[in-house]
Amino acid sequence: MATGLEPVPITSQKHDPAWKHCQMFKNGDRVQLKCIYCGKLFKGGGIHRIKEHLAGQKGNASTCLRVTSDVRAMMQQSLDGVMVKKRKKQKISEEITGINPVSGEIDAYVDQGGDVSTGLPMVEVSNAVEGNLGLFVNREGMSNVSGDRRKKWRGKNSSANANAVVVSCVSSGAKRVNDSIFMAVGRFLYDIGAPLDAVNSVYFQPMVHAIASGGSEVVMPCYHDLRSWILKNSVEEVKNDIGKYTATWGRSGCSVLVDQWSTEMGRTLLIFSAYCPEGTVFLKSVDASEPGITRSATNFTALRRLVDIKHYLQTMVTTQEWLDCPHSKKSGGLEMLDIVSNQSFWSSCGLIVRLTIPLLRLLRITGSEKRPAMGYVYAGMYRTKETIKKELIKRDEYMVYWNIIDHWWEQQWHLPLHAAGFFLNPKFFYSIKDEHNEFLSGMLDCIERLVPDTEEQDNIVREINSYKNAAGDFGRKMAIRAKDTLLPAEWWSTYGGSCPKLSRLAIRILSQTCSSMGYKRNQIQFEQIYETRNCLERQRLSDLVFVQYNLRLRQMVEKSKEQDSMDPMSFDCLSNVEDWITGKDVLLEDYGSSDWMALDPPSANTTLLGPSNDDVEELAAGFDDDEIFNRVKEEENIDDNE
């Protein structure tokens, strides 16, 4: 080691990868670096010189002949990244100065004896921000500036040390750069007719970053690229991605979901997907233009919104602004006034809302991404019937609605899985007053269907008694508390160790969902698959739909991990008034302005949105109405009386 060199430790604050491949020494006031491979000592140039030495870049440093190939490649990659960043900064600077050539304007103005400070306010800044030529303009002494300030601005070397002066119009130049980018994005979306919320895609910003990192040399993919190798690679990428979902099916099982969609051309499609707690996977679509009708619950959510804002509507039609409006004198306006002021109308609306709230709550539960729904459907049906019974009181009145519910329950929903889900959900099972054979019968049906091995069936039945009697770990105080805080499948995974066979089956059942209503379907071109007779084109379109649908499902999973996923039946995410407000009798010119941007934004008053409690918490506990469990129908009672 050379005389006078004192080793200096390299601190963790030094993040450049080249620091791991050199030693640092202090020679008096100077710092020198030494290559750990060949021992060459560098008296200047810093870590960048070491990096060039290791990468084998000729010019500023000699090439290290002993460095390993992997380290050499890593150093070269790091140097390339630095160059890309420099090019990006230089390009941004050139774009800003090109759009707003401040320097030339100032030079011309000063040559004419003008006072720069009158038109372009200048602010002195510290040396820390010198050198950013795109944002600052260096200026040596000016004739109209006082001597003291001129001295501050001058340095020993005016070209290198002159203080930077901020020019206010440069910020407007940066804004113009952004405006031109925004306009380019807007023109593209408008031209292809894309939905404007395309910019909300999680893949939009990464696409922009990828394009920017390519600099001025980047070339966009062509039509053939998008429909060939890019699509093929995307299919493989998605298949690899969903592999982590399918890998969990052996433990948690999966729900095969069938969703019926009606296209604009009148075609009926069946969309098959598979759900597990990790996420949902789109499988395929089938043209079934002949099975049934679909129904929507948005009318009831819209009605509830009207009831919520009843006071505001009544206040609106009594204001002087409304009375002065020409529409208040027309037949439509007078009819609206009569309806809004009619207490009988509001009473009927209120009753309908109270009767449908539990049904809407159940729909939200079945379509929610927050938790698998299988353990909650039966309890939701119970609460629905209980609410209707309490509202109407008289049996002959509430039985009308019960019979309608029973009809659909028997036809579509009454499956052993729902009874088993209620039976295996400790939050509900341990709160029922009496034991009901219907739950145990549904549980036994599931055992027979889901567990083919007869010996394992018998073991599960024996373990059921431990669960029913809250024996062993099931009776722990921790388990009793956790039944209200953990998801049912998690509860079984934690406290079901003494009943491994039953626990495994419980996790499979409680990990299933019941609906795919929360999944987006717009802008997915299913119909095009069945309109072409070209088998190759059909396969290509099928691949495109496969990628598009699964990417959207992946976004839903990622969003649900970051925050509560969008409630498919919430009042603030549905366009409830879409089918209510039309332009049949009202022309835009009646309002005297076509400036839609002048419309007031929606109020942020959260009282209009209704309660935001967790729907599952609304199910609560306590199930002791035998009439609801037995689902006694009005027709049966009539037969008995006869």
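At roughly what angle do the axes of helix H21 and helix H25 cross? Before selecting anything, note that this is a predicted model, in which local features need pLDDT of at least 70 and side-chain atom pairs count only at pLDDT 80 or more, while totals for chains, interfaces and linings use all residues. Residues are numbered from 1 along each chain as its sequence is written, and side-chain values use heavy atoms, with hydrogens and water left out.

Select residues 437–450 for H21 and 500–510 for H25, whose axes come within 12 Å and cross at roughly 95°. Helices here are DSSP runs (H or I, at least four residues), numbered from the N terminus, and axes are lines fitted to C-alpha atoms over the stretch in contact, with angles running from 0 to 180 degrees between N-to-C directions. The two helices H21 and H25 are therefore roughly perpendicular (65 to 115 degrees).

Next, show the side chains of Met443, Cys446, Ile447 and Leu450 in H21, which meet Leu502, Leu505, Arg508 and Ile509 in H25, contact meaning heavy atoms within 4.5 Å.

Ile393 has a positive phi of about 65° although it is not a glycine, and at 65% relative accessibility it counts as exposed (over 50% relative accessible area, with a 1.4 Å probe and protein chains only).

Finally, select Ala470, which lies in the loop between helix H22 (454–468) and helix H23 (477–482). Ala470 also has a positive phi, near 55°, and at 30% relative accessibility it counts as partly exposed, the class between buried (under 20%) and exposed.

Terms used:
Parallel < 35°, antiparallel > 145°, perpendicular 65-115°, else oblique.
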